[in-house]
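The sequence and structure come first.

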Amino acid sequence: MGASSTDELLKSNSSQKERYSKHVHDNVHGNIYLDPLALQFIDTEEFQRLRDLKQLGLSHLVYPGAVHSRFEHSLGVYWLAGTAVQTLKDYQGLELDIDDIDIQTVKLAGLLHDVGHGPFSHMFEREFLPRVLSGSNWTHEDMSLKMIDYIVDQHYIDIDSGRLNRVKEMIVTSHASQKSAKEKQFLYDIVANGRNGIDVDKFDYIVRDSRACGLGCNFQFERLMETMRVMGDEICYRAKDYLTVYKLFSARADLHRTVYTHAKVKAIELMLVDALLEANEHLGISSSIQQPAEFWKLDDTIINAILADPRPELKKARDIILRVRRRQLYQVSYYFYRDRRVCFIRSLFYLCQPVRKTKFGIKLF
């Protein structure tokens, strides 16, 4: 039988998309095709800033290979988000009424979900800001929303306001109390799933982080991507894939234990927090967190800026950073205790000259 007119139309649309798309090669997902609207966001200085934000913050000082950036991760989530919603359309498109606008909206949410991230991964908002701004509830998700609006206004990106609002809702849906009934609620669970935590953001960073750190990873997201279906407006997976779901959270827990909360990584983070606290008053680091026009200029290179600044007021900050470079790190002693199967690490970090103690707790998920 010859090809139907519908098949020809689909092929034509596909070729048109590839014709006007740009592709980059990713070391995790292979070729990633970027559509024209996505490129309008990517080709801005605000998004390109993500190249100078390491995905794992300071972990590369313990795991030398962990130098991948938020830029790579954002492209990966963009690609997986598009693949996920396209899979649902292929199998349930008529039933779920998924159209091209839905696909592009989900892809943009994946692309822009981390555009408001601060330097040094989560250390900036969890360790540094609470020390300088008491009671601060600043989050990179909220900053992402401001940054998206700023990019659209600054670069005159032509995007419908309704679609832009949906993109922003998909980014914060797991953090904000926006649980009112939405049309096609399942689309809001693809990038950031607040219902069960299974989303393409984790699919990407678990595999990417494991590979960069040279760790084995037995979680294969492809199996879940191929078999996901929507039931009752919620993304579901086959019961026999329970082991793959288990491996998702098991791999994440392993990364927390061996990389994200590694003793030396935490020691270096605390040292850098002390350096940033010393430099904050003179460089105005925390004053930029509410203004996208200033915030996009803040990235991991601030370490080099402090080292290169000869002002005597920054001497303490420079000395701490030099101690990190010379591997003269804070020392750690551990005290373990268990309560309801949740393990906390209580650590004392000691400084010589002068002696100082800092206490904190880490929850291992």
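## Basis and overall make-up

The model is predicted: local features need pLDDT of at least 70, side-chain atom pairs count only at pLDDT 80 or more, and totals for chains, interfaces and linings use all residues. Residues are numbered from 1 along each chain as its sequence is written, and side-chain values use heavy atoms, with hydrogens and water left out.

The protein has 15 helices and 7 strands; helices (H or I, at least four residues) and strands (E, at least two) are DSSP runs numbered from the N terminus. Of its 365 residues, 50% are buried, where buried means under 20% relative accessible area, exposed over 50%, and partly exposed in between (1.4 Å probe, protein chains only). Among contacts with a separation of 6 or more, 65% are between residues 24 or more positions apart; a contact means heavy atoms within 4.5 Å.

## Helix α9 and its surroundings

Helix α9 covers residues 200-212. Its 13 residues reach 18 Å from first C-alpha to last, close to the 18 Å expected at 1.5 Å a residue; the expected span is 1.5 Å times one less than the number of residues. Because 12 of the 13 residues are buried, α9 is largely enclosed by the rest of the structure. The buried residues include Phe203, Tyr205, Ile206 and Arg208, and what covers the buried residues of α9 includes β1, α4 (70-96), α10 (221-227) and α11. Gly214, with a positive phi near 75°, follows the helix.

Strand β1 (residues 22-26) runs antiparallel to strand β2 (residues 30-34), and 5 bridges join them; two strands pair if DSSP finds at least two bridges between them. The two strands form a hairpin with 3 residues between them, and His25 stands opposite Asn31 in β2.

## Salt bridges

The whole structure contains 19 salt bridges, each defined as a side-chain nitrogen of Lys or Arg within 4 Å of a carboxyl oxygen of Asp or Glu. In one of these, Arg208 pairs with Asp26, with the closest N and O atoms 3.0 Å apart. This pair links distant parts of the chain, with Arg208 in helix α9 and Asp26 in strand β1, 182 residues apart. Both Arg208 and Asp26 are buried.

Asp100 forms a salt bridge with Lys89, at 3.1 Å between the closest N and O atoms. Asp100 lies in helix α5 (residues 100-112) and Lys89 in helix α4, so the pair ties together parts that are 11 residues apart in sequence. Asp100 is partly exposed at 43% relative accessibility, as is Lys89 at 26%. A further salt bridge joins Lys315 to Asp319, with 2.8 Å between the closest N and O atoms. Lys315 and Asp319 are 4 residues apart in helix α15 (residues 315-325), and so are separated by about one helical turn. Salt bridges that share partners also join Asp26, Asp204 and Arg208 into one network.

## Surface features

The protein exposes about 18,600 Å², of which carbon and sulfur atoms supply 50%. Accessible areas come from the Shrake-Rupley method with a 1.4 Å probe; for residues, only the protein chains shown count as cover. Tyr242, Leu243 and Tyr246 form a nonpolar surface patch with about 380 Å² of accessible area together. Patches are made of residues with over 30% relative accessible area and no salt bridge, with like charges joined within 9 Å and nonpolar side chains (Val, Leu, Ile, Met, Phe, Trp, Tyr) within 5 Å. Leu243 belongs to helix α11 (residues 242-260) and is partly exposed at 42% relative accessible area.
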